[in-house]
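Here is a friendly walk through the side-chain contacts and surface of one model. Please have a look at the sequence and the structure before reading on.

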Amino acid sequence: MRRLRRQLDQHSSEWSAQAHRWLDWKYQVSQHPLLSVGIAAAAGYLLIPRKTPAVQVEIDEATRREIVKQLQRQQFNEPISQSPAVPTLWQTGVTIASQFLLRSAINYGVSQIDRLINSVQTATEHPSSDTFNAPGTHDIHSRNTPIPENNLHLYHG
């Protein structure tokens, strides 16, 4: 009886794992990539609404002339709108250069913060038994000790 219960427990856990695997879309895509692309294409084809055909209205010549006259009156009575200003080549170049400089400054700042965090983590993982600190390093255990290798003047504590 115990053996039967263990087997049932083992089979139920295997079935549960297999059911989770069958329902996991990432697993299915990795096992059947072409079928997944086909299903996605079919779903997109079926879900995207079709274009409605253009409605053609038959109007007589007198109505057409009246519509044309009204459109011409509207066209001449409304002020001509100005098209949006197109940036010059100089403005485009300045925009691109400023975006590049901003991204470079952000990347530099992030790398400096990452370097600082890594140095603190390394120092806490491997504390030295020496009381002497090498040049360019700092004691992370002392309070209000500025970090000497940069001008950030960050204080621990």
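A patch is built from residues with over 30% relative accessible area and no salt bridge, where like charges are joined within 9 Å and nonpolar side chains (Val, Leu, Ile, Met, Phe, Trp, Tyr) within 5 Å. Accessible areas come from the Shrake-Rupley method with a 1.4 Å probe, and for residues only the protein chains shown count as cover.

This is a predicted model, in which local features need pLDDT of at least 70, side-chain atom pairs count only at pLDDT 80 or more, and totals for chains, interfaces and linings use all residues. Residues are numbered from 1 along each chain as its sequence is written, and side-chain values use heavy atoms, with hydrogens and water left out.

**The nonpolar patch**

On the surface, Val55, Val57, Ile59, Ile67 and Leu71 make up a nonpolar patch, and together they have about 500 Å² of accessible area. Leu71 belongs to helix α4; helices (H or I, at least four residues) and strands (E, at least two) are DSSP runs, numbered from the N terminus.

**Salt bridges**

Side chains of opposite charge can pair when their charged atoms come close. Here a salt bridge is a side-chain nitrogen of Lys or Arg within 4 Å of a carboxyl oxygen of Asp or Glu, and the count comes to three.

| Salt bridge | N to O distance |
|---|---|
| Glu61 and Arg64 | 2.5 Å |
| Arg65 and Glu61 | 3.6 Å |
| Arg73 and Glu66 | 3.9 Å |

Glu61, Arg64 and Arg65 are linked in a network. Why are Glu61 and Arg64 separated by about one helical turn? The two are three residues apart in helix α4 (residues 61-77), so about one helical turn separates them. Arg65 and Glu61 also both lie in helix α4, four residues apart, again about one turn.

How exposed are these partners? Buried means under 20% relative accessible area, exposed over 50%, and partly exposed in between (1.4 Å probe, protein chains only). Glu61 is partly exposed at 38%, and Arg64 is partly exposed at 40%. In the remaining pair, Glu66 is partly exposed at 38% and Arg73 is partly exposed at 46%.

**Around the rings**

A charge sits over a ring if NZ of Lys or CZ of Arg is within 6 Å of the ring centre and within 35 degrees of the ring normal. Arg21 lies over the face of Tyr27, at 6.0 Å from the ring centre, and Arg50 lies over the face of Tyr45, at 5.4 Å from the ring centre.
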